[in-house]
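Visitor: Please take one part of this structure and go through it closely, strand by strand. Then tell me how that part sits within the rest.

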Amino acid sequence: MSDEFKIEIVNPEKSFLSKEDVNEVVVPAFEGEMGILKDHISIISFLKPGIVTIQAKSGEEKYYVEDGIIEFKNNTLSILTSYILNLKDIEKNKLQELLKNAEEESNKPEISDQLKYLADQKVETLKSIN
Amino acid sequence: MASLDDLKKRITSVKSTQKITKAMKMVAAAKLKRAQDSAEKGRPYSEKMNNIILNLSSGISDKETAPKLLSGSGKEQIHLCVVMTSDRGLCGGFNANIIKKAKSYFTKLNKEGKELKIITVGSKGNDQLKRVYGDKIIENISFKNSKNANYFDAEKVGKIIIEKFQKEEFDICTIFYNQFKNVITQIPQAQQIIPLNTKSDDQNNSEDNYEFEPDEDEILSNLLPKNISTQIFKAMLENSASEQGARMSAMDNATRNAGEMVDKLTIEYNRSRQAAITKELIEIISGAESL
C-alpha cells in the first residue's frame, strides 16, 4: 500500500498548490513543529510564521508561510494561508524587505505579547532562510 | 424642424458617444473575464474556511464561553451595516441595487427602534447614502488606487470592523454586496457576519472527531477575525465581477440605443434634405410657369 496522501494549499486569491503524491509534511504549528504522515488523525490547528516542508515523490519543497490554518481529514491536508512563498523563487531583496518589516513590527513598543511572539518567529525564520 | 446642419451635428455627436460606449463595453468584457476568474479562484479558500469553522463551532460544548465574534455580544441594539459599492459609475443598476437593498434594511431597523451605523466601502455608495444617512456614516473606505480586489484591502476593512466590535460600538454587523450570477443578473445580498450565522448549514456532517491543537476556543478566536476578512474579500471579488458584468450590459444597451438614435436621426436628416430639394424644385417650376 502506498503511503501517499493529498495536499492542498490555498490562499485567498487562488488555489496555490495541489499534490497527490505527498509522503510527509512538516508544518510550523502554533505549539511547535508537527510532522504529518498518512492516516494521521483528523486535526485542526493553526500555524505560526515558519517553513512548510513537503516531502513528495517528486522531490522536496519548502515554503515560507506567515500564518495559516491546517485541516487534515480523510488523508487530505488543507492549508489555508494568507501569505505563502516558495523558497526556491524567493529573491534576496524581497527577503530583506520582509525581514525589515518583521523586525520593525517586533520592535514596536505597544505590541501585545502574542503579536510580539509572532513577529519574533517571523524574524527568526527569515534569518534562517538567509 | 431642425436645420440640416444641426441634424448633422447631432448625428456625429451620437456616433462618437456610441464609439465610447462600445469601447467601454469591450474593456468591461475583458475585465469581467479576469474578475470572474479571480472570484472563482477565491472560492475554495472561503469555502474551506467556512467548513473548518462549522466543524469547530459544533465542537464547542459551552456556548457561554464561546468567542464573542461567534456568539454575539448578547444584545441586538446597534447594527453596523457595511455597504460595499464600486468607485466608478456608468455600470447600470449595480450601485443602485445595493443601495436600495440597504435602504430598505435601514428603514426596517428604524421601525424596530434599533440604532444604525454605516460604513461605506467604495465612493459611489457614500455619495448616494450621505444625503439621507449622512449622520449615520461613521467611516468611508475607498480603494480607488488599487486596481484589483486584493486580500490586503479586505484585511484592512476587517480590522476596522473587529476593532469597533471589540470596543463594543455595535452588536450586529451585516455586509451588503452584489452576488455575481451571470452577466445580466446580479443579486444584491445582505449577509450577517457578526455574530456568525452557523445554523443554516447544519446539514453539513460534522460528526468527524477532530483533534484540536491548541483547544477549540483558542483556534476559534484566531480564526474568526480571519474569517471576517475572508468574507469581506469574497464580497469584494463578487462585487468586482458584478460591477464589470453590470457595466458590460449597461454599455451594450447604450450602444444599441445610440445605434437606434443614429438611425432615427439619419431618416429625419434625409427627409428634411428631400424636403429642401422639393421646395427648391417647386420654386423653380412655379417661377418658370409665371413667365
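Guide: Two strands pair if DSSP finds at least two bridges between them. Strands (E, at least two residues) and helices (H or I, at least four residues) are DSSP runs, numbered from the N terminus. This is a predicted model, in which local features need pLDDT of at least 70 and side-chain atom pairs count only at pLDDT 80 or more, while totals for chains, interfaces and linings use all residues. Residues are numbered from 1 along each chain as its sequence is written, and chains are lettered from A, ligands numbered from 1, in the order in which they are written.

The part to look at is strand E2 of chain A, residues 15-29. Strand E1(A), residues 5-10, pairs with E2(A) in the antiparallel sense over five bridges. In this pair, Ile9(A) has Leu17(A) of E2(A) as its bridge partner. Four residues lie between E1(A) and E2(A), and the two strands form a hairpin.

E2(A) also pairs with strand E3(A), residues 32-36, again antiparallel and over five bridges. These two strands form a hairpin as well, with two residues between them. Within E3(A), Gly35(A) is the bridge partner of Val26(A). Val26(A) has another bridge partner in strand E5(A), namely Thr53(A). E5(A) covers residues 50-56, and four bridges join it to E2(A) in an antiparallel arrangement.

Now for the surroundings. An automatic or database domain assignment gives the domain bounds: chain A is divided into domain 1 (5-86) and domain 2 (92-129). The C-alpha centres of the two domains of chain A lie 22 Å apart. Two residues are in contact if their C-beta atoms, placed from the backbone, lie within 7 Å. Six residues of domain 1 of chain A are in contact with five residues of domain 2.

Chain A also meets chain B, in a contact that takes 21 residues from chain A and 23 residues from chain B. On the side of chain B, helix H1(B) (4-59), strand E6(B) (211-213) and helix H6(B) (216-290) each give two or more residues. H1(B) supplies the largest share, ten residues. A strand pair also crosses between the chains: strand E4(A), residues 43-47, runs parallel to E6(B), joined by three bridges. There, Phe212(B) of E6(B) is the bridge partner of Ile44(A).
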